[in-house]
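This report describes one protein chain for a reader who is new to structural analysis. Please keep the sequence and the model in view while reading.

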Amino acid sequence: MAQEPPAGRRRSPGFTAVLTLIGLFLLYLAVPSIGPAVRAARADGIPGTFTATRLDCVEHPGHEACTWSGDFRSDDGTVRRAGVALYGADRDYLRTGQRTRAVDVGRPSRVYGPGGSMEWVFTALLLLAGLGLLAFLYVRPLLRLAAARPPAGAPVPGPQPGAEARSR
């Protein structure tokens, strides 16, 4: 007598719920950043001048990360923002009081150089990780469910109307 193969292992509902929350959280972080990240990559925003006022550095084992903060003023003078950071400007990029070209893409605390940024890469990775996690959890079960449903208009298995009268 042939033995049936063991049923596939199922994930615990708690594990699935935790991974679902992680995937949704990654999407929560990524989706609102898509527009500003694309604008920053293209340096698509209000052009102006950034004036460096303060250098903030954080030392990590093996390296140092520095950011210049300062004031942004649009070329036409209509936008003035104080205390913003210039994305990608490290210790040697500027000196206090020095001005450089910048673009305001709408981020609340940051402006960008005229060459744009590679910030979109991180946003894209967050988006792909969130979607990938949710796809891993739900695509196969949804495909199985869709395959198990009869197509629209297909005959429904079971007794047919009038079958009882024909069997007599």
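Is T20 buried or exposed? T20 is buried, because its relative accessible area is 14%; buried means under 20% relative accessible area, exposed over 50%, and partly exposed in between (1.4 Å probe, protein chains only).

## Basis of the report

The model is predicted, so local features need pLDDT of at least 70 and side-chain atom pairs count only at pLDDT 80 or more, while totals for chains, interfaces and linings use all residues. Residues are numbered from 1 along each chain as its sequence is written, and side-chain values use heavy atoms, with hydrogens and water left out.

## The chain as a whole

The chain contains four helices and five strands. Helices (H or I, at least four residues) and strands (E, at least two) are DSSP runs, numbered from the N terminus. Along the sequence, their pattern is α-α-β-β-β-β-β-α-α.

Of the 168 residues in the chain, 27% are buried. Contact means heavy atoms within 4.5 Å. Among contacts between residues at least 6 apart in sequence, 63% join residues at least 24 apart.

## Helix α3 and its cover

Helix α3 comprises the 30 residues 119–148. The expected span of a helix is 1.5 Å times one less than its number of residues.

Several residues of α3 are buried, among them L126, G130, L134 and L137. Their cover includes α1 (13–30), α2 (34–42) and β5 (110–111). T20 is located in α1. Beyond its neighbours within four places in sequence, T20 contacts L134, L137 and Y138.

## A nonpolar surface patch

L125 also belongs to α3. Together with M118, W120 and V121, L125 forms a nonpolar patch on the surface, with about 390 Å² of accessible area in total. Accessible areas come from the Shrake-Rupley method with a 1.4 Å probe; for residues, only the protein chains shown count as cover.

## A residue in a loop

A43 lies in the loop between α2 and β1 (46–60). Although A43 is not a glycine, its phi is positive, at about 55 degrees. A43 counts as buried because its relative accessibility is 18%.

Terms used. Patch = residues over 30% accessible without salt bridge, like charges linked within 9 Å, V, L, I, M, F, W, Y side chains within 5 Å. Salt bridge = Lys/Arg side-chain N within 4 Å of Asp/Glu carboxyl O.
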